[in-house]
Amino acid sequence: LGLIITFILIFFGFQQMNAIVKPLLRIIKDLSDSSAQATLASVQVADSSGSLANDASRQAAAIEETAA
């Protein structure tokens with residue numbers, strides 16, 4: 001009888017653990033997805049900034065040539 005009670009307690013312990021772990025895994029996945037999106041957005045901003053800087057430099061050079 002003691003062995004049966006032990007197995008029942010272990011079973012319910014795993015059920016409780018599963019009820020806690022599943023939501024935590026979902027939160028971790030959501031955070032990971034959000035982090036990946038933020039990384040992609042920062043790469044796009046960096047690329048746009050570099051492009052804008054290059055264009056501004058070319059315009060400045062063209063204005064300098066025209067003024068000279």
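**Legends to the close-up views**

**View A.** Lys29, at 51% relative accessibility, counts as exposed (buried means under 20% relative accessible area, exposed over 50% and partly exposed in between, with a 1.4 Å probe and protein chains only). The model shown is a predicted one, in which local features need pLDDT of at least 70 and side-chain atom pairs count only at pLDDT 80 or more, whereas totals for chains, interfaces and linings use all residues. Residues are numbered from 1 along each chain as its sequence is written, and side-chain values use heavy atoms, with hydrogens and water left out. The side chain of Lys29 meets that of Asp33 in a salt bridge, with a distance of 2.8 Å from N to O (a salt bridge is a side-chain nitrogen of Lys or Arg within 4 Å of a carboxyl oxygen of Asp or Glu). Lys29 and Asp33 are separated by about one helical turn, because they stand 4 residues apart in helix 1 (helices are DSSP runs of H or I with at least four residues, strands are runs of E with at least two, and both are numbered from the N terminus). Asp33, the partner of Lys29 in this salt bridge, has a relative accessible area of 35% and is therefore partly exposed.

**View B.** A salt bridge joins Asp55 to Arg58, and the closest N and O atoms of this pair are 3.1 Å apart. Arg58 has a relative accessible area of 56% and so is exposed, while Asp55, with 37%, is partly exposed. In the structure as a whole there are 2 salt bridges.

**View C.** The rings of Phe11 and Phe12 form the 1 aromatic pair that a search of the whole structure finds. Their centres are 5.5 Å apart and their planes stand at 70°, so the pair is edge-to-face (rings of Phe, Tyr and Trp, the last by its six-membered ring, pair if their centres lie within 6.5 Å, and planes under 30 degrees apart count as stacked, over 60 as edge-to-face and the rest as tilted). Phe11 itself is partly exposed, because its relative accessible area is 47%.

**View D.** Ile10 is one of the residues that make a nonpolar surface patch of about 1200 Å² (patch residues have over 30% relative accessible area and no salt bridge, with like charges joined within 9 Å and nonpolar side chains, namely Val, Leu, Ile, Met, Phe, Trp and Tyr, within 5 Å). Among the other members of this patch are Leu3, Phe7, Phe14, Met17, Val21 and Leu31. Ile10 has its place in helix 1, and with a relative accessible area of 42% it is partly exposed. Between the C-alpha atoms of Ile10 and Ser32, which are 22 residues apart along the chain, the distance is 32 Å.

**View E.** Gly2 and Ala41 both have their places in helix 1, the helix that runs over residues 2-67. Gly2 is partly exposed, because its relative accessibility is 45%, and the C-alpha atom of Gly2 is separated by 33 Å from that of Pro23, 21 residues away along the chain. Ala41, with a relative accessible area of 36%, is partly exposed as well. Ala41 and Arg58 are 17 residues apart in sequence, and the distance between their C-alpha atoms is 26 Å.

**View F.** Taken along the principal axes, the C-alpha atoms fill a box of roughly 100 × 10 × 5 Å. Of the 68 residues in the chain, 0% are buried. The chain exposes about 6100 Å², and carbon and sulfur atoms supply 68% of this area (accessible areas come from the Shrake-Rupley method with a 1.4 Å probe, and for residues only the protein chains shown count as cover).
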